[in-house]
Amino acid sequence: MTRRLALAFVLAGLAGTPAVAQEKLDWATLGRIRDEGFRHSQVMETAAQLTDVLGPRLTGSPQYKKAADWSRQQLETWGLANARLESWPFGRGWSFERCSAHVVSPMSFPLVALPKAWTAGTNGPVRGKVLRVKAESEADVEALKGKVAGMVLWVGQPRELKAPEDGGIFKRYTDKQLDDLEQYQIPGPRGGGRGPGPFDREAFLKRRKVQQALDKLYAAEKPLAVVEPSERDANVLRLGAGGSRKTGDPQAVTQLVVSATQWNRVARLLDRKTEIEVEVDVKATFHEDDTNGYNVVAELPGTDKKGELVMVGAHLDSWHPGTGATDNAAGSAVMMEVLRILKTIDAKPKRTVRIGLWGGEEQGLLGSRAYVNEHFASRPEPKEAGPDDLPSFMRNDPPAPLTLKPEHAKLAAYFNLDNGTGKIRGVYLQEGAAVKPIFEAWLESVKDLGATRITMRTTGGTDHLSFDGVGLPGFQFIQDPIEYMDGTFFGTHHTDMDTYDRLQRDDLMQAAVVIATFAYNAAMRDEMLPRKPLPPVATPPPAPAPAGKAKGGAKPAPKAVEAVPGAGAR
Ligand SMILES: [Zn+2]
């Protein structure tokens, strides 16, 4: 190496390293964000409204619509601009008003049970004999034909329930775990990240076939009810949907999930040839009058770069067993608080800061995908799987080319929060390496709050993917797990213990301050955040409109729903 070349390397190194110093931070405003977020927080009040009053918020249910109306109204009350609902096609809604289930013979005891979403009610109390169903193959299902009409089916396998191994159930990341998280994982052959174990494709396809055969049998022979054990060991019910949300489809038979301990007890009694009777009373309603899903959108208009956008978002919908507190009133309340903080301290971000509260996340990121489609970039939907076809996520189709919309060029960043109530410990870069030095500089100002880590890893399962998938910089934060979904003992994720009481006040306040800091920095930065390479594009992007003129918020979105004054107000 020549001296000259060595010097060039030194200079190049110097040019590369002081990225932290190059990021200009407005420390005065960041201080005001902290003061407002820690001294005058309203995040728990917002969360209480979304859970105790408006939860659960199953997409398509009347409660969801009330929660969307209330959130829109609240954002407007705080002074945010263009607060509106945007609709997209969803399907029929579902809610349940009542559920009781009892073993009534030969002994009597109440069952801890809840109905799966989009399954029918019983039309008053019904009573029937219990039939143990072990369906491991399509032949097993075939053998049940002619035997299940009028019965209560006890479907599943008993599971050995063990005490949680390490005692502690409330979990924060240790330094070691965060170190591990910072280590990149080379993607598996199918792309994407790696789950906890190898994905058994054959087993999955077999289970799917058996389930399809069972669903057919239920529809043909109409058992009184289908009862499955909860996937959680404690007396906690974890459940989602059991039937179709497609308008006009037949209603799936009543399906309940029962606490695992009680399910096991009845299964053991049935194995001893004890004849058992169960009474079930479920009142459930399908809502077909409004088949739209709704997103809530509002913004703090920018100043000299107001044609450009920074977005924060979280899904507002929940499953129905609890009140949807950690999943995801937490994220929604935090993102609403971010906008409230920035508005209240009269921050004057250069770029517009917009919030999106999404519906339909639990059914497949539907709300955020519809929003991205409408505003940023669309691609044809992958073809729906037929009954024997592979589901789209298992096919290895290359993504269809994108059609870009003008706003695609205007989004600086999207920040998402949807991993429970835990405070923010860092950010997933989603493999966007160029953003690393920028986030490192931003984390400097919040490291005393415990947010310090950056990982190149991707993370999945929530709405930042809708943005990331079309080449936009979309990020989800690393959050302490707390009690979200660790292990099989219990956990708030999709369970009836997901209620206001599981929310951690300090953690949510921290998250609001960290995200307000990130959103403000992103809105003030000279340049937008660097992007990853764009996925294949079908048509060349339209020429961007002159700066400051065509702005997303300025023209009403095509499907904007008129604001109803006072609707859903407290
Ligand atoms: Zn969820």
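The residues lining the largest cavity divide into six nonpolar, four polar and three charged; Ala, Val, Leu, Ile, Met, Phe, Trp, Tyr, Cys and Pro count as nonpolar, Asp, Glu, Lys and Arg as charged, and the others, Gly among them, as polar. The model is predicted, with pLDDT of at least 70 needed for local features and 80 or more for side-chain atom pairs, while totals for chains, interfaces and linings use all residues. Numbering runs from 1 along each chain as its sequence is written, and side-chain values use heavy atoms, without hydrogens or water.

Among the lining residues of the largest cavity, D468, L472, P473, G474 and K532 lie nearest its centre. A cavity is a set of points, on a 1 Å grid over the protein atoms alone, where a 1.4 Å probe fits but cannot get out, and lining residues have an atom within 4 Å of a point. The largest cavity holds about 90 Å³ of space.

The second largest cavity holds about 50 Å³. Its lining includes D327 and H494, and by class it has two nonpolar, seven polar and two charged residues.

D327 lies in helix α10 (residues 325–344) and H494 in the loop between β18 (474–479) and α14 (505–524), so the pair ties together parts 167 residues apart in sequence. Both D327 and H494 are buried, that is, under 20% relative accessible area (1.4 Å probe, protein chains only).

Key. On a 1 Å grid over the protein atoms alone, a cavity is a set of points where a 1.4 Å probe fits but cannot get out, and a pocket is an open set with protein on both sides within 12 Å along at least five of seven lines; lining residues have an atom within 4 Å of a point. Grid points are joined across faces, edges and corners, and a volume is the space filled by probe spheres set on the points. Helices (H or I, at least four residues) and strands (E, at least two) are DSSP runs, numbered from the N terminus. Buried means under 20% relative accessible area, exposed over 50%, partly exposed in between (1.4 Å probe, protein chains only).
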